[in-house]
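Dear colleague,

I am passing on a structure that you have not worked with before, and I would be grateful if you would look through it alongside the notes in this email.

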Amino acid sequence: QHGLAVKGLVVFSQELEAVGEGCLSNKVSEPWADVSYPSLKPLSSYVDDFLLRWKFMVAWVKSGIPNTFWFSAYFFQQAFLTGVLQNFARGGKIAIDRTMWNYDVKKANFAPDKNPERGAYIYGLFMDGARWDDDEMYIADSFPKVLWNDMSIIWLKPVELEENTLDVKKTYQCPVYKTSDRRGVIFTSGHSSNLIMSIALPHSCTGYHSEQFWTKRGVALITQTDN
């Protein structure tokens, strides 16, 4: 359509003009953003990211359920989380409101050859404001001049309320956002357009490192970087 409009064969609407300006300035145009998943990437990186998401979904359809799920690939991650909880609840004939999440961060070299007995392995998150120490297996200060750190695979483990093993005194409730701007709107369903969930991550519990410390640092996980 845009090519035809440039040649004068169709009307050059405001939407087509916005798309053209986005291509020239390497920005995602408003007509595209209105029907897209949230993203702060420039247009070139956005297209690459979109194609990777598409390939992930195609591989899922052709090859079956993957052993690990690219958490960033979903348009609406909350639907995936609800589905995982529902599968667990139905399998154990448990009321879904009697279930909750536990979390297990894996080592960086973890490469599962099958799905977990319950829940799901997810990857693709980035830590903003801190880093994950793969040796000590807890949150640590960021390295100098490093904005985002790759997060290891996380096992989202649904459990019954009575099976909960989270120690709130030793974990930081780390918010997970779709983008780094960390703002959004609340839908009528109660879900946020940006905030997805909170994941309890261990911290060292030594010195000044505490949940309050990391909260003041604004540490969060994001599903995609801005570049």
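Predicted model: local features only at pLDDT ≥ 70, side-chain atom pairs only at ≥ 80, totals over all residues.

The core

The largest nonpolar core is made up of 35 residues, and those with the most contacts inside it are Phe71, Met197, Ile199 and Leu201. Two or more residues each are given to this core by strand E1 (68-70), helix H5 (77-91), strand E2 (99-105), strand E3 (120-123), strand E8 (154-160), strand E9 (171-177), strand E10 (195-202) and helix H6 (211-217). The largest share, five residues, comes from E10.

If residues up to four places away in sequence are not counted, Phe71 touches Gln77, Phe80, Leu81, Ile122, Tyr123, Leu125, Val176, Ile196, Met197 and Thr223.

A search of the whole structure turned up one cavity of 30 Å³ or more, and the volume of the largest cavity is about 40 Å³. Its lining consists of Tyr37, Pro38, Arg53, Ser72, Tyr74, Phe75, Gln77, Lys178, Thr223 and Gln224, and these residues divide into four nonpolar, four polar and two charged. Gln77 and Thr223, which belong to this lining, are also among the residues that Phe71 touches.

The largest pocket holds about 270 Å³ of space. Its lining has 13 residues, and Phe69, Val84, Asn87, Gly119 and Ala120 are those that lie nearest its centre. Helix H5 provides the largest share of that lining, four residues, and by type the lining residues divide into eight nonpolar, three polar and two charged.

With neighbours within four places in sequence left aside, the residues in contact with Asn102 are Trp155, Leu156, Lys157, Val159, Glu163, Asn164, Thr165 and Leu166.

With best wishes

Key: Residues numbered from 1 in each chain as written. Heavy atoms only, no water. Core = buried A, V, L, I, M, F, W, Y, C linked by side-chain atoms within 4.5 Å. Buried < 20%, exposed > 50% of the residue type's maximum accessible area, 1.4 Å probe, protein only. Contact = heavy atoms within 4.5 Å. 1 Å grid on protein atoms, 1.4 Å probe; cavity = no way out; pocket = protein on both sides within 12 Å on 5 of 7 lines; lining within 4 Å. Points joined across faces, edges and corners; volume = space filled by probe spheres on them. Nonpolar A, V, L, I, M, F, W, Y, C, P; charged D, E, K, R; others polar.
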